[in-house]
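Here is a short tour for someone meeting this protein for the first time. Take a look at the sequence and the fold, then read on.

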Amino acid sequence: MSLHIDILTLFPDMFSGPLSESILKRAQEKELLSLKITDVRDFSHDKHRTADDYPFGGGAGMLMKPEPIFEAVEHVSDSRKEKTKDHPHVVMMCPQGKVLDQKAAQKLSKKEHLILICGRYEGIDERVRLHLVDEEVSIGDYVLSGGELPAMVLIDAVARLIPGVVGAYESVEADSFTESLLDYPQYTRPREYRGLEVPAVLLSGDHERIRRWRRKEAIRRTYLKRPDLLKRHEFSKEDKDLLEEIKKEIDDKGI
Ligand code: ADE
């Protein structure tokens, strides 16, 4: 399985660093992921390469024009026609979209061909949203200057879910959020640093105790930091017992 992502942007240079390092670099080398950046201005209709214009009806700011975006999407769709059987899935990065979470990233990682449109200026002609885009995605309830950074966030979250991209697939499966729990605390050498010790259980070599401790600490962290996530967690009998222990410890210690 491999995924091709076309990125449509007015700022192609923004992508050169983050997409060519570390995991994303390896994913492309292994041909599990291919990325192509397209400059929307290449599809403008005039010699000034105009991609924006004033809003009808007046108002502040400029809007991205529809023609270069429609034509860029058509161009990248056509150039993949032979390689992918499914229609491309067209995503627009914008703050009005559904907020990206692990489940949405998982769904996107199963597609064959994604086209990401990065908005800029004060907005985009509504016809793009209505007639070209399959899904609008936000990366959080705050406004950035454009969709480029959000597109990079989406690509990173999605790429690491393609089987084979991250060495040990279990480590992806065990990631925070896959099952609505935050990660358990981790320690590496040295055993003691400035008087701060690694919890003894992790040095015990007792795999069952370590597993139970990790599960308990994942539940404790989630309970203390993101109690909203526990609402959708499917509790096993052990999880319920561990949460009771945690609540009792907190009551006893007043923490
Ligand atoms: N463009 C501007 N802000 C954004 C956000 N929070 N998510 C996605 N795209 C954006």
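## Ground rules

Helices (H or I, at least four residues) and strands (E, at least two) are DSSP runs, numbered from the N terminus. This is a predicted model, where local features need pLDDT of at least 70 and side-chain atom pairs count only at pLDDT 80 or more, while totals for chains, interfaces and linings use all residues. Residues are numbered from 1 along each chain as its sequence is written, and side-chain values use heavy atoms, with hydrogens and water left out.

## The whole chain

Let's start with the big picture. The protein chain holds 9 helices and 10 strands. Its C-alpha atoms fill a box of roughly 70 × 45 × 40 Å along the principal axes. The radius of gyration is 23 Å, whereas a compact globule of 255 residues would come out near 18 Å. That radius is taken over C-alpha atoms, and the globule rule is 2.2 Å times the number of residues to the power 0.38.

How much of the chain is buried? Buried residues make up 42% of the 255, where buried means under 20% relative accessible area, exposed means over 50% and partly exposed is in between (1.4 Å probe, protein chains only). The accessible surface comes to about 15400 Å², and 52% of that belongs to carbon and sulfur atoms; the areas come from the Shrake-Rupley method with a 1.4 Å probe, and for residues only the protein chains shown count as cover. As for contacts (heavy atoms within 4.5 Å), take those between residues at least 6 apart in sequence: 76% of them join residues at least 24 apart.

## The sheet and its helices

Now for the sheet. In the order β2-β1-β6-β5-β8, 5 strands make up an open sheet with parallel pairing; two strands pair if DSSP finds at least two bridges between them. β2 (33-39) and β8 (135-138) are the edge strands, each pairing on one side only. On average, neighbouring strands of this sheet are turned by 30° against each other, direction ignored. Helix α2 (residues 66-80) packs on the sheet and touches β1, β2, β5 (89-99) and β6, with its direction at about 160° to that of β6. Helix α5 (residues 148-159) also packs on the sheet, touching β1, β2, β5, β6 and β8, and its direction makes about 155° with that of β6. For these angles, axes are lines fitted to C-alpha atoms, for helices over the stretch in contact, and the angles run from 0 to 180 degrees between N-to-C directions.

What about β1 itself? Strand β1 (residues 3-9) runs parallel to β6 (residues 113-118), joined by 5 bridges, and Ile7 has Leu116 as its bridge partner in β6. With β2, strand β1 pairs in the parallel sense over 7 bridges, and there Leu8 stands opposite Thr38. Because 7 of the 7 residues of β1 are buried, the strand is largely enclosed by the rest of the structure. Both of its faces are covered: Leu3, Ile5, Ile7 and Thr9 are buried on one side, and His4, Asp6 and Leu8 on the other.

Is Lys216 buried or exposed? At 10% relative accessibility, Lys216 counts as buried. Its side chain makes a polar contact of 2.8 Å with that of Glu245. A polar contact is a pair of N or O atoms within 3.5 Å; within protein, one must be able to donate a hydrogen and the other to accept it, and residues adjacent in sequence count only if both atoms are side-chain atoms. Not counting residues up to four places away in sequence, Lys216 touches Leu242, Glu245, Ile246 and Glu249.

Leu108 sits in helix α3 (residues 102-109) and is buried at 3% relative accessibility. Leaving aside neighbours within four places in sequence, its contacts include Leu3, Val91, Leu114 and Leu154. Lys47, in the loop between β2 and β3 (52-53), is exposed, with a relative accessible area of 76%.

Most residues other than glycine have a negative phi, and most peptide bonds are trans. A cis peptide bond joins Arg189 and Pro190, with omega about 5°; Pro190 lies in the loop between α6 (169-173) and β9 (192-193).

Ser180 is in the loop between α6 and β9 and has a positive phi of about 65°. Ser180 is buried, with a relative accessible area of 8%. Arg194, in the loop between β9 and β10 (196-197), has a positive phi near 50°, and Arg194 counts as exposed at 70% relative accessibility.
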